[in-house]
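Q: Could you walk me through this model, feature by feature?

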Amino acid sequence: MNTQTTPSPQFYLTAPAACPYLPGEMERKVFTHLVGPRAAEMNDLLTQGGFRRSQNIAYRPACEGCRACVSVRILANEFRPTRSMRRVLADNRDVVSTVYPAQPSTEQFSLFRSYLDERHQRGGMSDMSALDYAIMVEDTHVNTRVIEYRLRQPGSGISEQPRGELLAVALTDMMSDGLSMVYSFFNPEVESRSLGTFMILDHISRTKTLGLPHVYLGYWVKGSAKMGYKTRFQPQEHLTPRGWELFDAARED
């Protein structure tokens, strides 16, 4: 009789470090490795349980005395864009989004560096090299894709391989119950297009087309200006000690 069991994931705790979202706070994370034949299954389960993926690591906050980081997922099938979001869609009607395997390119890295240099000069990713970027994209044992957003070239129609200017990129995990936006970046010089919002709207549309319910946005931190945009996409659920619950924006005001 075969008594072998499937190895359970091993979890580890990081040392305390300065919180990147709330001044004066310290953060700790619990993490595990996403490797092997069950990596995709584990990524689904852990994401649904409030974890995020970075390369082949799944992590979630484990801070002493602080529960400010809250996992957020949009209910794609019930989502209706606001008037301002419809304007964003109209402003970007000349943008084509295309899904590719998780493979980096020089063009992507150039845009990535421009984004970091403009928006995140002091962040933890500010000194990332081309090799670091390649590892961020390729080091995955789950079903990950790169979505490129390009200007449609005049007269080209809808091309399967659009080669207009690269405006934005999203690194996205394809999950059993939706899409998880792992990381995204865009050309900071075209702020009027609201490309960050546009990419989320595109993911909602893709999730609906796939017949799946959720778009995972990672963590929302109340009081953090850089995270405030996430609660604009309604309806959405937040992971609480009681499980996933519908978020009431009016109650937070």
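**Reading the sheet**

A: Strands in a sheet pair through backbone hydrogen bonds, either parallel or antiparallel. This is a predicted model, in which local features need pLDDT of at least 70, side-chain atom pairs count only at pLDDT 80 or more, and totals for chains, interfaces and linings use all residues. Residues are numbered from 1 along each chain as its sequence is written, and side-chain values use heavy atoms, leaving out hydrogens and water.

Q: In which sense do β5 and β6 pair, and over how many bridges?
A: Two strands pair if DSSP finds at least two bridges between them. Strands are DSSP runs of E, at least two residues; helices are runs of H or I, at least four; both are numbered from the N terminus. β5 and β6 (residues 57-61) are antiparallel, with 3 bridges.

Q: What is the strand order in the open sheet?
A: The order is β1-β4-β6-β5, 4 strands with antiparallel pairing. β1 (12-13) and β5 (52-54) are at the edges with a single partner strand each, so one side of each has no neighbour in the sheet.

Q: At what angle do α3 and α4 pack?
A: Axes are lines fitted to C-alpha atoms, for helices over the stretch in contact; angles run from 0 to 180 degrees between N-to-C directions. α3 (residues 106-119) and α4 (residues 130-138) pack at about 110°, their axes 10 Å apart. The two are therefore roughly perpendicular (65 to 115 degrees).

Q: Which residues meet there?
A: Contact means heavy atoms within 4.5 Å. Q108, F109 and F112 of α3 meet A130, Y133 and M136 of α4.

Conventions
Angles under 35 degrees count as roughly parallel, over 145 as roughly antiparallel, 65 to 115 as roughly perpendicular and the rest as oblique.
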